[in-house]
Amino acid sequence: MTAILPAPDRSEVSGPLLRVDDLHVTFAGRHRVFERHAEQAPARAVDGVSLEIGEGEVVALAGESGCGKTTLARAIMGFVRPERGTIEFRGKPLAKNLRGYRREVQMVYQDPTGALNPRQTVYDSVAEGLRIHKVPGDEAELVDRALARAGLRPPERFLLRFPHELSGGQRQRVVIAGALALEPRVIVADEPVSNLDASVRGEILRLLLQLRRDARISILIVTHDLALAWSVADRVAVMYLGRIVEVGPTRDVLLEPRHPYTRALLDVVPDAQDAGALDRPLLTGEPPDPTRIPEACRFHPRCPALADGRAAAAGVEEACRSDDPRLEPIVPGHLAACHLAHRRPAGFRVP
Amino acid sequence: MSVLEVSGLSVSYITREGPVPAVRGVSFGIDRGQVLGLAGESGCGKSTIGLGLLRLLPPGTQMSGRVVLNGADVLAMAPSQLGAVRWTQASVVFQGAQHALDPVIRVGDQIEEAILAHRPATRRETRARTAELLELVGLPARRARDFPNEFSGGQKQRVMIAMALACDPDLVIADEPTTALDVMVQAQVLRLLKNLQMELGLSMLFITHDLSVLAQVADRLAVMYAGRIVEEGPADEVFGSPAHPYTAALADAFPRIGDEAFVQSPGGLDGDPPDPRELPSGCSFHPRCPRVMDRCRTIEPPSFPAGTGRRAECLLLEEGAPEAMPT
Amino acid sequence: MADDALAAKTRSPRAVVWARRRLSAGRFWATYRRSVMGIVGLAILVVFVLVALLAPVLVSSDQLDVTKATGPILEGPSWAYPMGTDDAGRSVLALVVWGSRVSLAIGLLAAAVSMVVGAAVGIIAGFRGGRWDAALMRFTDWFLVLPGLPLAIVLAAILGQSMFIIVMVIGLTSWPWTARIVRSQALSVRERAYVERARGLGARDPQLILKHVLPNLFPVIFANTILSIAAAILAESALSFIGLGDPLRVSWGATLELAFAAGAPTIGAWWWIGFPGACIVLVVLAFTMCGNALEEILNPRLRQR
């Protein structure tokens, strides 16, 4: 273990560090206190998600926009209140007071420019968490150390700068330094590089991987980019309309996807090596809308396996149209919520 | 036969602190029916080129060089000629189409307006043409009666493409046309553009930061860094075996699923692209270059041939230089 | 680079932050200077503030006492009495000079009260949102639709006529506008990602408001306060004019009231009404000019025009 501040006792951890169980987050339709609007259907942004993150594990949460991945991340951060379900940290459900939890679970945002107060220096932005939690020790020294760990070296070159004087990559490092100052055990990174230039993305991702290696920090990385997941994640969870439809080790999920939706997402990843990539079929049908989640399997109206008769051939067509598939293991550790995937003999691949 | 021939194009923005060079002496051509991909990061000057070709930059911006479109120099044209060239010979599809459509005018009327602005036509003709255009981009003709807010992001981008095609241009400049869109929609729009380009035999300048997209749609690829094209050549070759270290790094920044080399090691460079106001000496890439040599700090590299139909601005390609990039 | 030099000279973060504040104040002044309106307004204000501050030096307060007045009665402007005299032989100049102290003080204090109440209500409503917002804004609307001056008249008549009461009455009837403006800004600041980040770091609402919301609202509140000083001075003049001012202090409004009571318009004593009246107009105009100039610089939405 590298030199890090004395972190809270870790011996009690058995099993996953962070565990989400049957989480539901619903946003009410438009509604005001003194007005009576035509009631809009509520959006079931997160609709029964269970997910575990082990110590030092990197989990990628992937899906289209509107699939609920960011809402799930925000619910884990305590920014939105779940309708039901539990979030457990170190085996204990979250207390009403999130203060202690918020020291250990930190977030990195998609837009580092917006996440830093333009009127605060880098020093103040990084020291903010230390002051809030009244962390003992020399503040200046702790800030220096956090900046150095986030790769802003030498720290004194950055301390007194304002966000607008930094590049996008540097701003994201400042956000990460602000999180690191509190010695978190978990970092929730919401599209941490999608607002950055391509050549700069690598450094931020490498930094996150290094934190996992050196300090065994667990990382949940929300992304729309499966290729990014391939390069950083230990496990990948694919979300569709508020639910995880497939989860498993990165290699298994991305090379041998079991859910037709995962396959479809992989098909649209631009692949320069594959000249035929542009000819692959695309998903048809309405884009997903969390205010109107289809009955039975939520993917069935768009499912290519149902449309081209594979589901019928496997004898699951009926089930696809009537039963909501559960997320169950296909092989140990690799789970999918698909009737077809479960009917298939082991080793069968989605063509 | 080339539709567009750009030579020695330089563009400087005028700011309070003086002129800022955004494009510094860029030359390229686009043949009829060809797609040139222009790749680079934010601030490299790629969008400036896209706008500059049709002189759509803010007034006062300094431009020099030649932009020859169908045989006529755009930079030398009078404003009245310019109006005739825009849309009919070359048109632009911008990113973020959401903001380009007037929210209170029906989509069909906006397309008709674009047609009428450039050629006299009867109401019936424009209406028929609008229906045809909408179907061309995969939207039902009846949607002409809808307002922009009834369209999704991808559909609005389709409308923008229809408008760009309204006057049968020879050249379409697509500036990050899929960037603001979601993955699935992005793939749809990309396919649409590629299909239209092939069906209609369009020439296209496709500008994006996403090299992996370009490798699919472009015939040729030009990579920009700090206002210059540092490498140009056939798309698959440039992407597959980059001659310039910057191209190599940029290609590495897009991991390929299944490629073990990327597992737990996302590619990319350290540092940031330079500020155009404070360009490094010599080769402007040298502070970030993994293969930097002493000479790079002082000598601004000229263009070297890097295989058939390929060129790159890197001293590694000079005769007698250490081993060129591993391919 | 200049920044690095700055950092090297003053290693302490506080010192550098202050150095930067000075720098940005300098930049602000450079922009403000370009506004003719702002400069004219500021010049007028400087003159009046100096006069108010130096009043004891300029004119002896004895001259305000009716019993000690030495001048001729109701004489027009002359070398000895540049603004003429009133019906008790007091110099109108003395009344105007001493009146500026009261008028400005009441204007500033009332604006401060209005700012504190308005900013507090606006921030809580905008930042907390939901029911707080709905309840506080209904409350604000209720005050907004009450006609301000009549309300102030009623309150002043009931509560009495001390300077403190006048300040409170004016302040408490003028805050709703500030509250509405501050609320709309707070609503947008609340949505900024850095507020969420601070919350993620563990900050609670009071910390968020102090560290992030207030500093970002400060320019709006400041410009608004300057504008409301003008309104407060007008309100004070109006109250005094109808005899609801503090009877023990000489203000511009009170001077006007005396003049009218003594029939100054009918006897042609224009100086007795004209000079205090001009002062009110000038100062109100000056505050409005400064406020508008400030708002144009500080309010990003206006600046883009």
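Author: Let us begin with a term: two strands are said to pair if DSSP finds at least two bridges between them. In this predicted model, strand β1 (residues 2–15) of chain B and strand β4 (residues 62–69) of chain B are joined by seven bridges, so by that rule they count as a pair, and they run antiparallel.

Reader: What is the bridge partner of B:E5 in β4(B)?

Author: The partner of B:E5 is B:V68, which belongs to β4(B). As a general point, strands of a sheet pair through backbone hydrogen bonds, either parallel or antiparallel.

Reader: What makes β2 and β5 of chain B edge strands?

Author: The open sheet in question has four strands in the order β2-β1-β4-β5 (chain B), and its pairing is antiparallel. Both β2 (18–31) and β5 (72–73) of chain B pair on one side only, and that makes them the edge strands.

Reader: Which elements of chain B give two or more residues to the side that touches chain A?

Author: The contact involves 36 residues of chain B and 36 residues of chain A. On the side of chain B that touches chain A, the elements giving two or more residues are α6 (183–200), α7 (211–217) and α9 (245–252) of chain B, and the largest share, six residues, comes from α6(B). The residues on that side of chain B divide into 17 nonpolar, 11 polar and eight charged.

Reader: Where in chain A does pLDDT stay under 50, and why does that call for care?

Author: The mean pLDDT of chain A is 87, with 89% of its residues at 70 or more. Even so, pLDDT stays under 50 over residues 1–13 of chain A, for which the model has nine contacts beyond four places in sequence, and also over residues 32–38 of chain A, with six such contacts. Where pLDDT is low, the predicted coordinates should not be read in detail.

Key. Residues are numbered from 1 along each chain as its sequence is written. Chains are lettered from A and ligands numbered from 1 in the order in which they are written. This is a predicted model: local features need pLDDT of at least 70, side-chain atom pairs count only at pLDDT 80 or more; totals for chains, interfaces and linings use all residues. pLDDT is the predictor's confidence in each residue, from 0 to 100. Two residues are in contact if their C-beta atoms, placed from the backbone, lie within 7 Å. Ala, Val, Leu, Ile, Met, Phe, Trp, Tyr, Cys and Pro count as nonpolar, Asp, Glu, Lys and Arg as charged, and the others, Gly among them, as polar.
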